[in-house]
Amino acid sequence: MKINTTKVVIAGGGTAGWMTAVAMCKLIKNIDVTLVESEEIGTIGVGEATIPTLQFFHEILDINEADFLRETQGTFKLGIKFENWKQIEHSYIHAFGKTGKDCWACDFQHFWVKAQKLGLTNEFGDFCVEQVAASLGKFARVKNNGINYAYHIDASKYTLYLRKICEQRGLKRIEGKIQSVELNKDNGKVRALKLSSGKELPGDLFIDCTGQRGLLIGQALKTEYKDWSNWLPNDRAIALQSTSVEPPKPYTRSIAHSCGWQWRIPLQNRVGNGIVYSSKYMSDNDAEKLLFKHIDGQPLTSPKLIEFKTGSRRLHWNKNCVAIGLSSAFLEPLESTSIHLIQRSIIRLLKLFPSNGILQSHVDEFNQQTAVDIEAIRDFIIMHYVVTERDDSAYWRYFKGIKLPKNLHHRLRLFEESGHICLKNGELFEDSWMQVLIGQGLIPKYYHPIVDNMSDAELKQFINMMKDRELKRANSLPSHQSFIDEYCKTA
Ligand code: FAD
C-alpha cells in the first residue's frame, strides 16, 4: 500500500510547538514538517515545573538526560511542598512516589488510618521515600532504587534545546507572523496559513500551538471553549525570576495566600517565582506586592502579568487542525500538568496519525481521550481548593459553596466514607490523590477490616519497619546539589 507524504504545518514555537516538532521529526516517516513562529510575538515564557512522565517522552526521543539538564539549567523534582493549604502554618509534600505497601484488598492508607487512631504514627509522608528525601534535600537518580522524579527547567532554554535537535534533523523553521488562516470554501478545512510577508504555507494537517490565541482552532475554526472558571476562578498570574540564595531544593514550593498561591521553582542558576490569583478577589497591585514580599534573593526580571481563563476546547481536533498546548485548554499550574498534557496529546496524535487521510473515527477517539485526561486533572486541581480548613477570606469561602463535578463529588465521598480511591485505568496521579487528600486534611472515617487481621503489636512493628526503611533509603542518598554537580559533569 502506498503511503503518501503528509504535509504538516505547526503554527507556533512555544513548548507545545517544539515538543510536537521534535516528536514528529524523530518518530514518523513520510512526513514533511514546517514550523512557523514569531520571535516578535514570543512565547508565554513560563512552565518550568514538570511531572515524571517527561522522562518517558525524552526516552522515546533519545534525549540524553544530563545533556538536557545542562542545557536547561535543570534540577530534579521529587514533588511539591504545599504550604498554608490545609491551614495557615501547615505544610505537606505531594511526592511522586508510592506511600507504604498495599495489600490485595486495600491500599496502605487503611493501615495508616488505624495506626493513626491508635496513636502509632502521625505523618503519612514518612512512608514515601521521595517525600523523606525531599524534606532532607537529598536526591539520586538510581532507577532500581525506585526513586520517582521529574524536573525543574528553564522554559525558554528548553524550547531552544528542542529547536536545536529539530534543526539537526532537518525540520524547516520559518520566522514570520501568521496574518490569516485560509479555509477551503467547500469543506471548511484549513487550506493554508498566510504570513504577513505574503508567503502561504499550505498543508494536510495543521497543529495549532499558538498558545492562548488559538489562531486556528479558535479564531478560524470557531471551536467552542468551555469555561471552567466557576470551579477554578484564578485568572491571573505574575511571574518573576530571582537569584538563588541557597542550593536548589528537590521540590517545587506552592505557598497559599489569602487569595491564590505562589510558586517557587529552583533551577541551577536562579529561581522561578510567580503568583496565581483571582482578579475578583485581589488587585494586580496587591498581588505584585505579595509576590515581592515572599521572594528570597534579588529580582532578575520585571514582573510579567499573564491573564488566562480556565477551560477547555469542546474539540481538540477539529477538521484538519489539532490543538496542542494552551490553544487546547488552560488549567492553572498548581500540579505542573500542562507540559504533561502536551506530551499526552502528541503521543495520542502519533498513535492515530492520519497517514492516509483524516478519519472521523480517529478524530472522535482523539477528542474523547483528550477530554478524559484534562477533566481528570481538572478535578484533581479543584480538590486542593475544596478539601481545606481555610475559610479566612472571601476567596477561600467561595470554594465552600461550589457544586463539584460529579466524578469529583463521588470520589471525595468514597474516600471520606471508606478510605478507597478508585481511579480509572490509566488515570494519572494514583498515589497522589491519597497524599493530597490526607495532606489537605481529609482523613477517612473507616479503614478496611482486613487491617484487623494484624494485632496492634504487629501493626506497630509493620509501621515502624516501613518508616525506618524509607528513612534509611533517603539518608543513603547524596545531597541534591552534589548529585547535580556530579551528574551534569560526568554523564
Ligand atoms: P506559547 O508559549 O504562548 O507559544 C505560542 C507560540 O505561538 C509562540 O511561539 C508564538 O510566537 C506563536 N504565535 C502566536 N501567534 C502567532 C502568529 N500570529 N504568528 C506566528 N506565531 C504566532 N506548565 C507546566 O507544565 N508546568 C508549569 O510549571 C507551568 N507553569 C505555568 C505558569 C503560568 C503562570 C502559566 C500561565 C502557565 C504555566 N504552564 C505550566 C503552562 C505552560 O507554560 C504551557 O503549557 C507551555 O508553555 C506551552 O505553551 P504553548 O506552547 O501552548 O504557548
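I looked up the separation of the domains first: the C-alpha centres of domain 1 and domain 2 lie 29 Å apart. I note that the model is a predicted one.

I then checked the bounds. The domain assignment gives domain 1 as 6-48 + 154-229 + 310-376, and domain 2 as 236-307. For the contact between them, I found eight residues from domain 1 and nine residues from domain 2. On the side of domain 1 that touches domain 2, I recorded four nonpolar residues, one polar residue and three charged residues.

**Whole chain**

I looked up the secondary structure and found 15 helices and 21 strands. Along the principal axes, the C-alpha atoms fill a box of roughly 75 × 55 × 50 Å.

I also checked burial, and 46% of the 491 residues count as buried. As to contacts between residues at least 6 apart in sequence, I noted that 76% of them join residues at least 24 apart.

**The open sheet**

I traced an open sheet of six strands, in the order E7-E2-E1-E11-E20-E19, with mixed pairing. Which strands stand at the edges? I found strand E7 (172-175) and strand E19 (317-318) there; each has a single partner strand, so one side of each is left without a neighbour in the sheet.

I next examined the partner of E7. Strand E2 (residues 31-37) runs parallel to E7, and four bridges join the two. Within this pair, I located Thr 34 opposite Lys 172 in E7.

I then asked what lies across the sheet strands. Helix H1 (residues 15-27) lies across strand E1 (6-11), E2 and strand E11 (205-208). I recorded an angle of about 165 degrees between H1 and E2.

**Helix H4**

Is helix H4 (residues 108-117) mostly covered or mostly uncovered? I found H4 mostly covered, with eight of its 10 residues buried. I listed the buried residues as Phe 108, Gln 109, His 110, Phe 111, Trp 112, Val 113, Lys 114 and Ala 115.

Against which helices do the buried residues of H4 pack? I identified helix H13 (430-440) and helix H14 (456-475) as their packing partners. Finally, I looked just after H4, where Gly 119 takes a positive phi of about 75 degrees.

How values were computed: Residues are numbered from 1 along each chain as its sequence is written. This is a predicted model: local features need pLDDT of at least 70, side-chain atom pairs count only at pLDDT 80 or more; totals for chains, interfaces and linings use all residues. Domain bounds come from an automatic or database domain assignment. Two residues are in contact if their C-beta atoms, placed from the backbone, lie within 7 Å. Ala, Val, Leu, Ile, Met, Phe, Trp, Tyr, Cys and Pro count as nonpolar, Asp, Glu, Lys and Arg as charged, and the others, Gly among them, as polar. A residue is buried if 20 or more other C-beta atoms lie within 10 Å of its own, exposed if 12 or fewer, and partly exposed in between; C-beta atoms are placed from the backbone. Two strands pair if DSSP finds at least two bridges between them. Axes are lines fitted to C-alpha atoms, for helices over the stretch in contact, and angles run from 0 to 180 degrees between N-to-C directions.
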